[in-house]
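Q: Could you walk me through this one? I have the structure open and would like to go through its parts in turn.

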Amino acid sequence: MPFSAQLPASGERYALSASLDNARHLSSLLRAVHFQDYATCLATASGLRVTVEDAKCIQANAFIQAEIFQEFSVQEESVMFRISLSVLLDCLTIFGSSSLPGTSTALRMCYRGYGYPLMLFLEEGGVVTVCKINTQEPEELLDFDFCSTKVVNKIILQSEGLREAFAELDMTSEVLQITMSPDKPYFRLSTFGNAGSAHLDYPRDSDLMEAFHCNQTQTNRYKISLLKPSTKALALSCKVSIRTDAQGFLSLQYMIRNEDGQICFVEYYCCPDEDITEAEL
Amino acid sequence: MRFRAKIVDVACLSHFSRIVNTVAKLAKTCILRLTVCKLYFILSDKVANGGASLWCELSQGNFFDEFQMEGVAAEHNEIYLEFVPENLSRALKTAQSAKAVKIKLTNKHCPCLRVAVELPSLPSSSRIVTHDIPVGVIPRRMWNDFREPSVPDFDVSIYLPVLKTMKSVVERMKNLSNFIVIEANLSGEMNLKIETDLVSVTTHFKDLGNPPWASEDRCQSSAQGKDLESMAEACIDIKKLQQLLAGQQVNPTKALCNIARKRIVHFILLHEEVSLQYFIPAIA
């Protein structure tokens, strides 16, 4: 069996070693945060977190918890490295990205530690692919310091309600304005593009609204080009939670169900656009 | 010099279109050689093509209901035309539901292949869409440039893996590197490898089988019962390989390749009525 010919002898210790019967469980989530070439991977006993950042004001994290994997072991407390996400995705989808029923790519991932490449072993239909991807020194990541105690406004929506809105965002607008309020319009998305302004309101008693906890009227603007990639995460998800804190920092958390019905999360954090932050409609 | 042909059968037309599409993916410009019995699409290994050569051969009887050809002279009853296959491909696209397609060599203002597509319209009347594809007539003295390439003395001959899998793998590898190493041995094993500063990827195929002639005298390494496991490899331009695989819309009846270590990779794809050979030279 080709895999065993390549696997390390049982005595060798890998800083990170993991097995996944269906590589799509990993690749589809990584695609949802793939808006930059490079990503930082952090592996702990709880699982894998892959972080992508841009412009020092947006950060996306994909969480694949240990339970999703058939095997997941991290030798030290945590293992962290920077890697080309584009290359990683090309390798994970080496046998194609279409999901034909009944076929899946099995994955084994090994990382010896600092300075070593990430090794991937992928198998589908008896064909084995071995990848060796160089890793880099991890860079410092932004800390949005977003915790539940600092949240001012929070809503949870069913994703299907937002999908069309996000797919059709007026990209000629520089910003996406988000208004959240205990009073009308409750939750409003606005753009200001070449053709004019567009407002999309979601009433608090809408069927799509799963939870509505708004304490204060807040209107914040975010660079639309930074938020647009989150559409990928939205497309995969069944629910999304939208939260803001006192400074207008935005947290979008997407609940994603994979092919086997397991739950994973992707989150996006975004800083408000510096120039305008209003606390009124 | 005269040429006139007609296709009426829908299946033949669609098959012919597919072949032209495949050729269009491999060559910007190529030679169409017409003989009494066969059609050939030829690309010879000039430097401009990055050295790759194409030889695609089909029996006209399997496609055309009518086929009349008169060559340049009685002793040389053939016609060689230079043309852009994409033009023919586009013309044939309009012929998907055609009643008939007629192809004729004309010379009104300049030599052209006139493709007349008869489309069904209201009952008892037809629409005809005509495409004039400019061609260059290749003079007799240059015909030697377009002879069938000889099969190289190869080291290994092996059947290709499932093309769909090979295509996916090569497409992804193309994102990572400009060159690919293809290696195979006489035990039915083939590896595709790319290596750059950033990443190396190797895909291993097994149990592919080697064609029976692999053990004839043609094949150097088997004659003295040499190591069946030893790999013959060649590093080639990945784009050429990807174009070849991308052009395969239907699974061939037989697909194999001959590898002459560090020199050339010779692909042979056989469908029922057409054979396609593609030669990709190794990068030094």
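A: One place to begin is chain A of this predicted model, where strand β12 (residues 187-193) and strand β13 (residues 196-202) run antiparallel and are joined by seven bridges.

Q: What joins β12(A) to β13(A) in the chain?
A: The link is a hairpin, which passes from β12(A) to β13(A) through two residues.

Q: And which residue stands opposite S190(A)?
A: That is H199(A), which lies in β13(A).

Q: Stepping back, how is chain A divided?
A: The assignment gives chain A a domain 1, covering 16-136, and a domain 2, covering 151-270. Taken over C-alpha atoms, the centres of domain 1 and domain 2 of chain A are separated by 27 Å.

Q: How many residues are in contact there?
A: On the domain 1 side of chain A there are 23 residues in contact, and they meet 19 residues of domain 2 of chain A. The area buried between domain 1 and domain 2 of chain A is about 1,700 Å², with carbon and sulfur atoms giving 59% of that area. Within domain 1 of chain A, the residues that lose the most area to domain 2 are H25(A), A32(A) and I58(A), which together account for 30% of what that side buries.

Q: How many salt bridges between those two domains?
A: The count between domain 1 and domain 2 of chain A is one salt bridge. R24(A) forms a salt bridge with E259(A), and the closest N and O atoms of that pair are 2.6 Å apart. As for polar contacts, the rule finds eight residue pairs across the interface of domain 1 and domain 2 of chain A, both residues being at pLDDT 80 or more.

Q: Which elements give two or more residues to the domain 1 side?
A: On the side of domain 1 of chain A that touches domain 2, those elements are α2 (24-31) and β4 (58-65) of chain A. The largest share of that side, seven residues, comes from β4(A). By class, the residues of the side of domain 1 of chain A that touches domain 2 divide into eleven nonpolar, eight polar and four charged.

Q: Now chain B: what are its domains?
A: The domain assignment of chain B gives domain 1 as 2-145 and domain 2 as 156-218 + 226-281. The C-alpha centres of domain 1 and domain 2 of chain B lie 29 Å apart, and their contact takes 20 residues from domain 1 and 16 residues from domain 2.

Q: How much area do they bury, and how many salt bridges are counted?
A: Domain 1 and domain 2 of chain B bury about 1,600 Å² between them, of which 59% is on carbon and sulfur atoms. The count of salt bridges between domain 1 and domain 2 of chain B is zero, while five residue pairs are in polar contact, both residues being at pLDDT 80 or more. On the side of domain 1 of chain B that touches domain 2, α1 (10-26) and β4 (53-59) of chain B each supply at least two residues.

Q: What about the sheet in chain B, what order do the strands take?
A: Nine strands of chain B form an open sheet with antiparallel pairing, in the order β10-β6-β2-β3-β4-β18-β17-β16-β11. The edges are held by β10 (136-137) and β11 (156-159) of chain B, each of which has a single partner strand, so one side of each is left without a neighbour in the sheet.

Q: Which strand pairs with β10(B)?
A: Strand β6 (residues 79-83) of chain B pairs with β10(B) in the antiparallel sense over two bridges, and the bridge partner of E82(B) in β10(B) is G136(B).

Q: Last topic: how many residues does each chain give to the contact between chain B and chain A?
A: That contact takes 17 residues from chain B and 21 residues from chain A. The area buried between chain B and chain A is about 1,500 Å², and carbon and sulfur atoms give 57% of it. In chain B, the residues that lose the most area to chain A are R172(B), L198(B) and H204(B), together 39% of what that side buries.

Q: How many salt bridges and polar contacts cross it?
A: Across the interface of chain B and chain A the rule finds zero salt bridges, and the count of residue pairs in polar contact is nine, both residues being at pLDDT 80 or more.

Q: How is strand β9 of chain A joined to β14(B)?
A: Strand β9 (residues 127-133) of chain A and β14(B) run antiparallel and are joined by six bridges, and V128(A) stands opposite H204(B) in β14(B).

How values were computed. Residues are numbered from 1 along each chain as its sequence is written. Chains are lettered from A and ligands numbered from 1 in the order in which they are written. This is a predicted model: local features need pLDDT of at least 70, side-chain atom pairs count only at pLDDT 80 or more; totals for chains, interfaces and linings use all residues. Side-chain values use heavy atoms; hydrogens and water are left out. Contact means heavy atoms within 4.5 Å. Buried area is the accessible area (1.4 Å probe) that two parts lose on being put together, summed over both. A salt bridge is a side-chain nitrogen of Lys or Arg within 4 Å of a carboxyl oxygen of Asp or Glu. A polar contact is a pair of N or O atoms within 3.5 Å; within protein, one must be able to donate a hydrogen and the other to accept it, and residues adjacent in sequence count only if both atoms are side-chain atoms. Two strands pair if DSSP finds at least two bridges between them. Helices (H or I, at least four residues) and strands (E, at least two) are DSSP runs, numbered from the N terminus. Domain bounds come from an automatic or database domain assignment. Ala, Val, Leu, Ile, Met, Phe, Trp, Tyr, Cys and Pro count as nonpolar, Asp, Glu, Lys and Arg as charged, and the others, Gly among them, as polar.
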